[in-house]
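Grab a pencil and try these exercises on the structure below. Each one is followed by a worked solution.

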Amino acid sequence: MGIYDELGVAPLINAWGTVTAVGGSLMAPEVVEAMREASLSFVDLHLLHRRAGEEIARLLGVEAACVTSGAAAGLTIAAAASRISGADGDPSAIRDECVILRAHRSRYDQAVTIGGTRIVEVGAGSAAGADDLRAALTPRTALVLYLAEAEEAPGSLALGDVAGVLEGAGVPLVVDAAAELPPRSNLHRFLDGGADLVIVSGGKEIRGPQSSGLILGRADLIARCTALCFPNHGIGRGMKTDKETIAGLVRAVDLYVRRDERAELLAWDRMVAELVTALGAHPLLRARRHTLGAPGIQPASIPRAYVATLGTPAAEVAARLRAGHPAVAVGVDGEELAINPQCLDPRQLPTLVRAIERAIQPPASVRPLGGL
Ligand SMILES: *Cc1c(COP(=O)(O)O)cnc(C)c1O
């Protein structure tokens with residue numbers, strides 16, 4: 001009997017993606033082994049945290065890195081590191097505002113407010129311009145937060161334009177790129193494009209421990225972040241990065257930079273093709289391959305299988321899938337199921353297809369006599 005059985009919590013087939021609420025991603029055996037190994041000895045956590053940051057920065061080819069307990073923790077810590085409290089006497093020195101384009105607001109940005117930073121929204125819907133951004137900057141601006149997935153959204157500004165406005169202002173530009181992998185090149189693209197810090201989840205495509213994340217970028221800012229992190233008694237003290245997590249993330253990054261990105265994309269493509277063929281054969285399903293044009297769904301580079309469920313709303317089918325045996329987690333986009341192959345194993349596909357075919361049928365009790 002396994003631990004999930006013991007707790008009466010059934011494992012899911014994840015056709016949704018690296019969604020934290022269903023577990024994010026699965027760790028490679030080497031990552032689990034690094035965590036096991038780390039669990040066997042005591043170690044100086046200050047030193048381990050710092051050395052891990054240096055090693056990850058080297059592996060990723062960035063200036064500096066700070067290990068956090070997730071991307072959300074990274075947002076809180078980066079905002080706190082950018083904040084100037086004025087506690088040392090000069091109230092005119094207070095910087096406690098985080099400027100965000102309206103099109104970049106997300107449910108994750110509350111993380112920057114935890115340390116007392118206030119959000120200042122720029123632009124109305126689809127109308128933000130560089131001048132609006134310039135006008136929103138005040139002596140109290142501590143940072144500008146840029147949501148990578150909203151880069152192309154209506155009302156967004158190009159990262160380079162935002163960086164241009166901030167030129168010489170001494171205000172860090174922080175990019176939330178938690179789930180913007182693949183492509184791996186995104187790890188550099190935002191920094192090269194003018195970001196001072198980039199925040200990534202360790203528990204999504206990097207496939208490190210679920211409670212891990214990274215702040216990457218400028219060494220002086222990373223040093224300030226590190227000073228606020230566990231095991232120091234700053235805002236990050238409660239966002240613990242234990243020795244096992246740190247070790248696991250280092251190993252995961254090491255594996256990540258060596259992964260064959262093209263081969264993975266091909267494997268996802270093959271899974272999508274197989275699903276489209278198998279599901280498309282059902283009279284109540286219409287299946288197609290879809291690559292995301294619209295911004296806001298991460299990561300856009302992974303192909304999806306989109307499935308229209310004739311006669312039953314897609315959301316209803318998704319709810320039945322979630323309640324089924326085995327349970328399946330799947331996204332819904334408009335009137336279609338959105339199947340993301342990112343966390344699927346090809347061996348799960350026949351089971352997934354059968355589960356969807358079962359879910360499209362009305363429950364036996366309401367089935368009309370003699371009909372479907
Ligand atoms: C997932 C996500 C986060 C949070 O990441 P965690 O590692 O789960 O804390 C933050 N921002 C965005 C845009 C995300 O997609």
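**Exercise 1.** Work out the strand order of the open sheet of five strands.

*Solution.* Reading across, the order is 1-11-12-10-9, with mixed pairing. Strands here are DSSP runs of E, at least two residues long, and helices are runs of H or I with at least four, numbered from the N terminus; two strands pair if DSSP finds at least two bridges between them. Next, look at the edges: strand 1 (12-15) and strand 9 (285-290) each pair on one side only. This is a predicted model, where local features need pLDDT of at least 70, side-chain atom pairs count only at pLDDT 80 or more, and totals for chains, interfaces and linings use all residues. Residues are numbered from 1 along each chain as its sequence is written, and side-chain values use heavy atoms, with hydrogens and water left out.

**Exercise 2.** Find how strand 10 and strand 12 pair.

*Solution.* Start with the ranges: strand 10 covers residues 304-309 and strand 12 covers residues 336-339. They pair in the antiparallel sense, over four bridges.

**Exercise 3.** Which strands does helix 12 touch?

*Solution.* Helix 12 (residues 349-360) packs on the sheet and touches strand 1, strand 9, strand 10, strand 11 (327-333) and strand 12. Touching means contact, with heavy atoms within 4.5 Å. Then check direction: helix 12 makes about 165 degrees with strand 12, where angles run from 0 to 180 degrees between N-to-C directions of axes fitted to C-alpha atoms, for helices over the stretch in contact.
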